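Student: I would like to go through this model one question at a time. Can we start from the structure itself?

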Amino acid sequence: MRVESLSGKLHFKERVRLMHRADESNQEQLNVAYRTACGLYSTPVAAVTARVESELFGATVNSFTSLSLDPAMLVVCLAQASNTAKALQVGSQFGLSILSSDQETIARTLASRDPDKMKAVLLRDLDGLAPVVEGAQSQMACHVEDIVPHATHVIIIARLKAIEYDPTRLPAVYYKGRFVLRMSERHDGSPIPPELRHVETL
Ligand SMILES: Cc1cc2nc3c(=O)[nH]c(=O)nc-3n(C[C@H](O)[C@H](O)[C@H](O)COP(=O)(O)O)c2cc1C
């Protein structure tokens, strides 16, 4: 209750402030408020991984979503500065792995710019199409159909080519800049081991 009323108050303040300041001279404040607001909703976390000319690339992303179910298409937004974005082209294949709740370390590793980071992540080839993260909740091989650059980012539009998933695994959940998990049992009803219970008290 305390947190709910506190966040309600913050929301209200931000809204009033932005109504007065959303002009060009205050773009930076608008951006900060936007970043804060984006942190206030939870997202799943995925890894985009690709092998291009035998070199491995990978980035942690939460900007992915389904574009359509039939045909099975998805989009993911990557910063143009990302090495993974630079490696992908129309016609490339990449892996999209929805990370499991116990894969925070992998998410942090792939979010780094460490040139050796790909050596630290266990990958496997999905159906000989693309590398995916071992142990991820869902593993998908995707074919890039279009890349739309906009400002600092590119929107990658891809078609699903192969998928495997484990419904008993819980997804990694990112909220307010942290990995959180708010469930006490797996989907099949079995208890989550204590070391995986990252339950956060608000
Ligand atoms: C939870 C989380 C979500 C992220 N989501 C994105 C994203 O959607 N798009 C993006 O470009 N970067 C995202 N990043 C940052 C990239 O993972 C990071 O810039 C990474 O260093 C890119 O690696 P690369 O340059 O080797 O491709 C995210 C980071 C974290 C921790």
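Student: Which residues does L96 touch, not counting residues up to four places away in sequence?
Tutor: This is a predicted model, so the answers rest on computed values. L96 lies in strand β6, residues 93–98. Leaving out residues up to four places away in sequence, L96 touches A46, V48, F64, L74, V76, M140 and C142.

Student: Does L96 count as buried or exposed?
Tutor: A residue needs 20 or more other C-beta atoms within 10 Å to be called buried. L96 has 27 C-beta neighbours inside 10 Å. L96 therefore counts as buried.

Student: What distance separates the C-alpha atoms of L96 and V132?
Tutor: Along the chain, L96 and V132 are 36 residues apart.

Student: Which residues touch the most other members of the largest nonpolar core?
Tutor: That core has 36 residues. Strand β2 gives the most to this core, with four residues. The residues that touch the most other members are A46, V48, L96, L99 and V133.

Student: With which residues is V48 in contact, leaving aside neighbours within four places in sequence?
Tutor: V48 is one of the core residues that touch the most other members. With neighbours within four places set aside, the contacts of V48 are G58, A59, V61, V76, T84, F94 and L96.

Student: How many bridges join β6 to β9?
Tutor: Strand β9 covers residues 138–150, and β6 and β9 run antiparallel. Q93 stands opposite H143 in β9. On another pairing of β6, four bridges join β6 to strand β2 (residues 46–52), with A47 opposite S97. For β6 and β9, the number of bridges is six.

Student: Which residue in the turn between β9 and β10 has a positive phi?
Tutor: β9 pairs with strand β10 (residues 153–165) in the antiparallel sense over twelve bridges. V144 stands opposite A158 in β10. The two strands form a hairpin with two residues between them. The residue with the positive phi, about 50°, is A151.

Student: What is the strand order in the open sheet of three strands?
Tutor: Strand β11 (residues 173–175) pairs with β12 over three bridges, in the antiparallel sense. In β12, R178 is the bridge partner of Y175. The sheet reads β1-β11-β12. Each of β1 (43–44) and β12 (178–180) has a single partner strand, so the edges are β1 and β12.

Student: Which residues come nearest to the ligand?
Tutor: There are 19 residues around the ligand. By class, this shell has eleven nonpolar, seven polar and one charged residues. The nearest are A59, V61, S63, S82 and T84.

Student: Which element gives the largest share of the shell around the ligand?
Tutor: The elements that give two or more residues are β3 (55–61), β5 (73–79), α3 (83–87) and α4 (104–110). The largest share is four residues, and it comes from β3.

Definitions and conventions
Residues are numbered from 1 along each chain as its sequence is written. This is a predicted model: local features need pLDDT of at least 70, side-chain atom pairs count only at pLDDT 80 or more; totals for chains, interfaces and linings use all residues. A residue is near a molecule or strand if its C-beta atom, placed from the backbone, lies within 6 Å of it. Ala, Val, Leu, Ile, Met, Phe, Trp, Tyr, Cys and Pro count as nonpolar, Asp, Glu, Lys and Arg as charged, and the others, Gly among them, as polar. A residue is buried if 20 or more other C-beta atoms lie within 10 Å of its own, exposed if 12 or fewer, and partly exposed in between; C-beta atoms are placed from the backbone. Two residues are in contact if their C-beta atoms, placed from the backbone, lie within 7 Å. Two strands pair if DSSP finds at least two bridges between them. A nonpolar core is a set of buried Ala, Val, Leu, Ile, Met, Phe, Trp, Tyr and Cys residues joined through C-beta atoms within 7 Å.
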